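Please read them with the structure open.

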Amino acid sequence: MENKRFMPEPFKIKMVEHMGTLDKEERKVAIKEAGFNTFLLRSEDCYIDLLTDSGTNAMSDRQWAGMLLGDEAYAGSRNFYHLQSVVREYFGFKYIVPTHQGRGAENILSSLMIKPGDYIPGNMYFTTTRFHQERNGATFRDVIIDEAHDPRAELPFKGNVDLKKFQALIDEVGGDNIPYICLAVTVNLAGGQPVSMNNIKEVSELAHKYNIKVMYDATRCVENAYFIKEREEGYQNKTIKEILFEMFSYGDGCTMSGKKDCITNIGGFLCMNDHDLYVQATGMVVQFEGMPSYGGLAGRDMEAMAIGITEAVKFEYISHRVNQIRYLGEKLEAAGVPMIKPFGGHAIFVDAREFLSHLSQEEFPAQALAAALYEFSGVRTMERGIISSGRDIKTGENHHPKLETIRLTIPRRVYTYAHLDFVADAVIDLYRRRDKISGLKWNYEPKVLRFFTGTFKIINEELVEGY
Ligand SMILES: *Cc1c(COP(=O)(O)O)cnc(C)c1O
């Protein structure tokens, strides 16, 4: 049994939830009513829901048991102290401030560390992260390696920072105007691509030379640690826990979305080693989230998050997770579906530009593909292209990201390999009918984070009738 590449799920099912069962005609109405935006569909109307891996996780029996141990005191909850000790043990940072989710931590960090006119380098942007940086007056600069923007470049650590780009920014604007570098592990929008330990070390050395802090976007840090174990020389015999701890030892703090690698449904936190920053953060968390010992969370949520961290670093769990992504990717690849390679840690990103090569980027190929895949199969995915990328805050022009993708994001511990077979068949069938998919145009474009609530119209109604 040693050689089986895709071992079955390392969990068994104790409780079930029924899935949506709309037929194709009903789905056609549903997606039209949702303005061809998969974010606006009702969950009940979806069959397999791969919109996101954020908060969609299945908690374990132990986490649910922990929920009953919630100490719902207004201040000093026992679950906070448990979470604090787990974060110290696994992440290694001195101070932790819980927040309702990752963006709560981003809000506090950006408000405290950024002054108007500053620059924040990052290894590719993330939507809410960049939003908070810009809201506080900073200019975001992408310092990821060039290959990350090329869907077909196969590199083991495609999330790495290009040190020359980072140095060039320092030379251009001066280290004093760069409070921190935001280092995402893994890089969501690049396809869930990891950063190597060596690159983390080099970034840390360069940043600290200029008094620039290294703040991780730690959202998918366990997946990053798994890739280091698999791919980086010298880490094969280390545990995920050891690798994670080392990764964070080179930095000064992090923002964390507990909804991802803490395997919970809600939660997040901010960490730092600097005592002054911690004191300021506690002053801020009371204004926006709650007491520093709960930060917008119930005691039970903090308990579930503490237990989730200890489960996420188990090798059986994380290797199964990454293998599920790989399994889906390999099936699609065998049928010629264009995707971002190598496959990342949380999702398969289908290259919508290539898939719908008859559409220009102005016809929103990824948005159109996500809508069509839902109508065709009931599988819900998300646009990650020109719509998510938004407009330049200074010129008002659309950003034109090189990557125009739909993301098939796998929730943690929710679907089995059999579900992934269905998803693969749906995408492959649609690929054979791809010329029938029409582009989209705006119906309503929101001013901020427009991908969440924007609505669209079909450009060519006749085409769509075809599938
Ligand atoms: C989800 C996510 C966030 C924001 O976290 P929320 O919990 O959704 O607020 C930040 N960065 C990355 C890379 C993410 O994927």
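Helices (H or I, at least four residues) and strands (E, at least two) are DSSP runs, numbered from the N terminus. The model is predicted: local features need pLDDT of at least 70, side-chain atom pairs count only at pLDDT 80 or more, and totals for chains, interfaces and linings use all residues. Residues are numbered from 1 along each chain as its sequence is written, and side-chain values use heavy atoms, with hydrogens and water left out.

1. Cis peptide bonds. The bond from Val 185 to Thr 186 is cis, with omega near -10°. Thr 186 sits in the loop between β5 (180-184) and α7. Lys 341 and Pro 342 are also joined by a cis peptide bond, with omega about -10°. Pro 342 belongs to the loop between α12 and β9 (347-351).

2. Positive phi. Phe 364 is not a glycine, yet its phi is positive, near 50°. This residue is in the loop between α13 and α14 (365-377). Phe 364 is buried, at 7% relative accessible area; buried means under 20%, exposed over 50%, and partly exposed in between (1.4 Å probe, protein chains only). Leu 449, again not a glycine, has a positive phi of about 40°. Leu 449 lies in the loop between β13 (440-444) and α17 (450-453) and is partly exposed, with a relative accessible area of 24%.

3. The ligand site. Which of the 14 residues around the ligand come nearest? They are Gly 102, Arg 103, Asp 217, Ser 257 and Lys 260, where a residue counts as near if one of its heavy atoms lies within 4 Å of the molecule or strand in question. A polar backbone atom of Gly 102 is 2.8 Å from an oxygen atom of the ligand. A polar side-chain atom of Asp 217 is 2.6 Å from a ligand nitrogen atom. The side chain of Arg 220 has an N or O atom 2.9 Å from an oxygen atom of the ligand. On its own the ligand has 380 Å² of accessible area, and the protein covers 96% of this; such areas come from the Shrake-Rupley method with a 1.4 Å probe, and for residues only the protein chains shown count as cover.

4. Make-up of the shell. The elements that give two or more residues to the shell around the ligand are α4 (102-113) and α5 (127-135). α4 gives the most, with three residues.

5. Salt bridges. There are 27 salt bridges in the structure, each being a side-chain nitrogen of Lys or Arg within 4 Å of a carboxyl oxygen of Asp or Glu. Arg 220 and Asp 53 form one of them, at 2.8 Å from N to O. Arg 220 is in the loop between β6 (213-217) and α8 (221-231) and Asp 53 in the loop between β1 (48-49) and α2 (61-67), so the pair ties together parts 167 residues apart in sequence. Both residues, Arg 220 and Asp 53, are buried. A network of salt bridges links Asp 53, Arg 220, Glu 223, Asp 261, Arg 321 and Arg 412.

6. Two further pairs. Arg 152 forms a salt bridge with Glu 354, with the closest N and O atoms 3.3 Å apart. Arg 152 is partly exposed at 41% relative accessibility, and Glu 354 is partly exposed at 42%. Glu 311 and Arg 413 meet in a salt bridge of 3.0 Å, N to O. Here Glu 311 is buried at 11%, and Arg 413 is buried at 16%.

7. Helix α8. Are the residues of α8 mostly covered or mostly open? Mostly covered: nine of its 11 residues are buried. Among them are Cys 221, Glu 223, Tyr 226 and Lys 229. The cover over the buried residues of α8 includes α7 (197-209), α9, β7, α11 and α12 (315-334).

8. Arg 380 is in strand β10 (residues 379-380) and is buried, with a relative accessible area of 5%. Apart from neighbours within four places in sequence, the contacts of Arg 380 (heavy atoms within 4.5 Å) include Thr 38, Phe 39, Cys 46, Asp 49 and Leu 50. Gly 251 is in the loop between α9 (240-249) and β7 (253-257) and is buried at 7%. With the neighbours within four places again left aside, Gly 251 is in contact with Phe 93, Val 214, Tyr 216 and Asn 273. Gly 251 and Leu 50 are 201 residues apart in sequence and 32 Å apart in space, C-alpha to C-alpha.

Notes. Polar contact = N/O pair within 3.5 Å; in protein donor to acceptor, adjacent residues only side chain to side chain.
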